[in-house]
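Dear colleague,

I am handing over a structure for you to look at, and my notes on what was found in it follow below. Please keep the model open while you read.

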Amino acid sequence: LNLISWGQNNIVAAALGSSVYLWNAKTGDINHLFTLQGRNNTVSSVRWPKKDADEKHLAVGTSEGLIEVWDTVALRKVRTM
């Protein structure tokens, strides 16, 4: 499990059960990014990419074996693999 990821953008992504939250270390703001659907579906990993030019995408692994890519600025899912 990798439930916390600190991005180069100084934002910490934290997974708590089926939800992901974003904490801005500069401002102290906390945003709820999403909550997974499904009774037993939980977040198993979060990861900021090492080289993301715009520093806004977050990869999220789920207990159902899927990887979701989230736009953390628009607060929306852009892809599921």
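**Loops, sheet and core**

Leu75 is found in the loop between strand 7 and strand 8, where strands are DSSP runs of E with at least two residues, numbered from the N terminus. This is a predicted model, in which local features need pLDDT of at least 70 and side-chain atom pairs count only at pLDDT 80 or more, while totals for chains, interfaces and linings use all residues. Residues are numbered from 1 along each chain as its sequence is written, and side-chain values use heavy atoms, with hydrogens and water left out.

Most residues other than glycine have a negative phi. Leu75, although not a glycine, has a positive phi of about 55 degrees, and Asn10, also not a glycine, has a positive phi of about 65 degrees. Leu75 counts as partly exposed because its relative accessibility is 38%; buried means under 20% relative accessible area, exposed over 50%, and partly exposed in between, with a 1.4 Å probe and protein chains only. Asn10, in the loop between strand 1 and strand 2, has 24% relative accessibility and therefore counts as partly exposed.

Asn9 lies in that loop too, between strand 1 (4-6) and strand 2 (11-16), but Asn9 counts as buried because its relative accessibility is 14%. Its side chain reaches the backbone nitrogen of Ile11 at 3.2 Å. Leaving aside neighbours within four places in sequence, Asn9 is in contact (heavy atoms within 4.5 Å) with Trp48 and Glu55.

Turning to the sheet, four strands form an open, antiparallel arrangement in the order 5-6-7-8, where two strands pair if DSSP finds at least two bridges between them. Strand 5 (43-47) and strand 8 (76-80) stand at the edges, each with a single partner strand, so one side of each is left without a neighbour in the sheet. Five bridges join strand 6 (residues 57-62) to strand 7 (residues 67-71), and Ala59 stands opposite Val69 in strand 7.

Finally, which residues touch the most other members of the largest nonpolar core? Of its 14 residues, they are Val20, Phe34, Val43, Val46, Leu58 and Val60; a nonpolar core is a set of buried Ala, Val, Leu, Ile, Met, Phe, Trp, Tyr and Cys residues joined through side-chain atoms within 4.5 Å. The largest share of this core, three residues, comes from strand 2. Leaving aside neighbours within four places in sequence, the contacts of Val43 include Val20, Phe34 and Val60.

Best wishes

Terms used. Polar contact = N/O pair within 3.5 Å; in protein donor to acceptor, adjacent residues only side chain to side chain.
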